[in-house]
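Here is a short tour of a structure, meant to be read with the model open beside you.

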Amino acid sequence: MSVRRLCAFAAQAGDLDLRFTPAPSALEGMAGHRQVQSRRGAGYEPELSLSCSFEGLRVRGRADGFDPQALRLEEIKTCRGPVESIKPNQRALHRAQARVYAAMLCEARQLPSLRVAVVYFDLATESETLLEEEFDAATLREQFQAMARIYLQWARAQAQRGRNLKQALGTLPFPRPAFRAGQRELSRRIYQAGAARRCLLAQAPTGIGKTLASLYPLLKAKAGHRIDRVFFLTAKTPGRTVALEALRELQDKGAHDLRVLEIEARESACRHPEAACHGESCPLARGFYDRLPAAREAASAVRLLDRARLARIAGEHQLCPYFLAQEMAHWCDVVVADYNYYFHPSAFLYVLAQEEQWQAALLVDEAHNLLERARGMYSAVLPESSFARARGMVPAAAVRALQLLRLQWDRAEASCGPDALLDQLPEELDSAIRDASGCLAEHFNAHPQLAKGPLQDLFFEILQCARLAESFDTHSVLDFSPAPDGTRQIALRNLIPATFLRPRFAAARSAVCFSGTLSPFEFYRDTLGLPPDTAMVDIASPFSARQLQVKLARNLSTRLQDRPQTLAQLVRLIATQFAQRPGNYLAFFSSFEYMEMAADELGRRHPGIATWRQTRGGAPGERAAFLERFQPGGHGIGFAVLGGVFGEGVDLPGDRLVGAFVATLGLPQHDALNERMRQRMDERFGDGYAYTYLYPGIRKVVQAGGRVIRSESDEGVLWLLDQRFARPEVARLLPAWWELAAERA
């Protein structure tokens with residue numbers, strides 16, 4: 001193991017402290033190291049590779065430098081600001097690392113003693129602070145061996161568990177009596193991808209058990225091939241729940257030593273949202289590292305660490321459950337988490353896998369959601385209202401920088417055309433963003449107790465803009481469009497996330513992106529940055545055309561300009577279908593405005609039909625109330641927005657739902673931003689209209705239609721309420737088992 005990891009395990013103590021300190025970038029850190037090393041005299045030895053063994057544990061690392069004249073081993077750390085601002089737990093960790101390197105050097109060169117120094121190099125002032133101690137070789141060796149013993153006791157138990165798990169996975173049977181239709185083929189292809197280090201796009205219909213069919217083969221591959229970790233990544237909480245249920249089933253079937261971890265969002269896990277994350281504010285952060293070993297031991301005895309079990313263990317040991325989960329991520333075989341934890345710019349699981357050099361396999365659930373989610377991850381928004389909320393809190397040293405930022409914002413906005421977009425980030429605006437970020441960073445570094453509040457919110461928004469400005473290119477655009485509430489804002493909007501996601505997929509041993517709607521495959525491969533040799537498989541549906549009547553209103557237009565004239569025709573069709581087969585229906589529309597027009601018109605013309613509607617920004621309770629109306633044997637129509645929360649992930653089997661209506665093709669709005677996206681897609685992939693409008697729109701239609709048939713015993717009807725569905729370029733994107741019957745509305 002590495003020196004850094006040994007010390008993090010065995011030498012950390014004191015408080016958890018997440019107060020902001022402006023950390024140098026990796027490039028700045030390397031440059032700082034070189035600058036310090038270049039100041040040393042002749043004979044100075046930089047970057048020493050060292051290793052030593054103790055009772056079967058081999059520890060390796062690279063010491064920053066050794067001065068043979070002064071007999072001083074140096075551990076160099078770059079920082080911004082005074083040494084006193086560096087958190088105590090970090091300083092303790094730095095000292096421990098320096099001592100381990102010193103022990104290794106004494107052993108390698110038979111030195112009787114050494115001076116051990118941590119050198120803090122302030123990048124802003126280019127000054128050094130040297131904290132030096134002197135130890136004899138015996139003391140250094142004893143300290144190293146004490147840490148090694150702490151780790152070895154843990155590591156031997158983990159190694160034995162790993163051997164038991166490998167043996168169990170090698171003989172693990174599929175946990176169900178038999179594979180469902182399509183399930184075996186999906187499992188076979190996923191196993192092949194894991195074994196061959198390939199990426200795979202898999203389209204598989206709802207109802208075949210995709211989650212179990214993806215986890216089972218990768219765990220089998222883990223036994224026979226080097227797969228260190230499996231990351232199951234989801235877009236929504238229900239996806240995590242399904243994955244945990246499948247993993248529990250596999251554990252019960254024989255994978256008893258499989259350790260599973262669920263990571264929930266920090267906001268959800270936090271027990272003291274009013275407190276800041278440091279020992280002076282939060283009781284669960286105070287002494288965190290002192291209580292961590294006992295909590296880690298307790299958590300290791302639980303094979304499925306979902307959020308409820310983690311919360312219980314964290315409560316018993318008075319620890320933050322979120323950061324206990326981050327510790328246990330080092331020791332679990334499967335981690336179930338949101339997309340953010342691997343694909344976000346500061347993604348924890350991605351960073352951890354790189355640090356530990358894991359061979360990690362990815363399972364990306366409902367992967368059609370990753371495109372929009374990734375665009376959000378690599379976009380930054382700076383609202384003008386944030387400046388107003390922070391007024392009166394800005395330190396004197398940052399006032400001018402923020403004024404200059406506002407000035408350059410105004411100038412850049414004035415230079416753009418009526419579409420409020422700029423293809424280039426003006427150099428003056430870029431510089432102003434970086435200066436404002438730097439001034440506020442220095443302020444919070446000097447006053448860490450001021451964490452939380454409107455000024456810090458403003459700082460983080462500017463900081464995010466500064467980070468994304470560094471990589472601003474043709475994949476993004478500068479957008480001055482107003483916020484939804486009409487207030488001013490500036491946004492660095494990502495249009496094509498492939499540039500950022502490509503290295504994340506490349507870092508994984510294998511990646512499987514699966515969903516019920518991943519057609520056409522080339523669209524997702526290109527926009528998500530998957531490699532050109534990505535394998536693709538389309539699993540045949542277990543459902544048949546006899547189960548779902550797909551009817552096309554061949555003479556109905558739901559284009560924006562035609563809606564007032566065709567509204568009565570649309571409502572008549574819905575009412576006629578309801579009269580022919582009473583039951584529960586979902587009716588999907590392209591916007592809240594159109595949905596409300598249709599619901600109002602149906603209510604006027606057919607007041608006897610029960611209706612209920614999706615609300616704008618519906619709270620979780622309203623969502624549950626909407627779905628509660630779909631009772632077995634019920635009669636009524638739920639009106640919803642296409643592409644919203646009721647268009648996917650909703651399971652209403654049997655006669656809880658007997659049919660659906662889908663009005664319009666679901667095409668995104670033709671606005672300035674989407675038109676700019678179309679241009680960029682066209683430049684990069686050659687089919688900008690399809691990549692921007694057609695493919696995302698039809699995907700929402702297919703997702704909505706998929707609500708009707710959820711099992712092999714379901715039967716129902718789906719109405720496609722627009723004549724454009726008959727066009728060949730549209731019809732070919734619909735599921736192959738749908739048989740369209742064109743009818744007059």
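How many aromatic pairs does the count come to? The count comes to 32 aromatic pairs. Please keep in mind that this is a predicted model, so the points below describe computed geometry.

**An aromatic link**

- Among these pairs is the one between Phe9 and Tyr151, which is edge-to-face, with 5.2 Å from centre to centre and 90 degrees between the planes.
- Because Phe9 sits in helix H1 and Tyr151 in helix H4, this pair ties together parts that are 142 residues apart in sequence.

**Helices H1 and H3**

- Helix H1 covers residues 3-10 and helix H3 covers residues 88-109; their axes come within 9 Å and cross at roughly 125 degrees.
- The crossing of H1 and H3 is right-handed.
- On the H1 side, the contact is made by Val3, Arg4, Cys7 and Ala8, while H3 brings Leu93, Ala96, Gln97, Val100, Tyr101 and Met104.
- Sorted by class, the residues in this contact of H1 with H3 are eight nonpolar, one polar and one charged.

**The five-stranded sheet**

- Five strands form an open sheet in the order E1-E2-E3-E4-E5, and their pairing is mixed.
- Strand E1 (45-54) and strand E5 (127-136) are the edge strands, each pairing on one side only.
- From one strand to the next, the twist averages 35 degrees.
- Strand E4 (residues 113-122) and E5 run antiparallel and are joined by ten bridges.
- To find one of these places on screen, look for Val118, whose bridge partner in E5 is Leu131.

**Helices on the sheet**

- Helix H2 (residues 26-38) lies across E1, strand E2 (57-67), strand E3 (72-79), E4 and E5, and runs at about 140 degrees to E3.
- Helix H4 (residues 137-170) also packs on the sheet, where it touches E1, E2, E4 and E5, and its direction makes about 95 degrees with that of E5.

**Backbone details worth a look**

- Most residues other than glycine have a negative phi, and most peptide bonds are trans.
- Glu126 is not a glycine, yet its phi is positive, at about 60 degrees.
- You will find Glu126 in the loop between E4 and E5.
- The peptide bond from Ser519 to Pro520 is cis, with omega near -5 degrees.
- Pro520 has its place in the loop between strand E16 (510-515) and helix H20 (521-528).

How values were computed
Residues numbered from 1 in each chain as written. Predicted model: local features only at pLDDT ≥ 70, side-chain atom pairs only at ≥ 80, totals over all residues. Heavy atoms only, no water. Axes fitted to C-alpha atoms, helices over the stretch in contact; angles between N-to-C directions. Helix = DSSP H or I, 4+ residues; strand = E, 2+ residues; numbered from the N terminus. Left-handed = near helix turned anticlockwise from the far one by under 90°. Contact = heavy atoms within 4.5 Å. Nonpolar A, V, L, I, M, F, W, Y, C, P; charged D, E, K, R; others polar. Pairing = 2+ DSSP bridges. Phe/Tyr/Trp six-rings, centres within 6.5 Å; stacked < 30°, edge-to-face > 60°.
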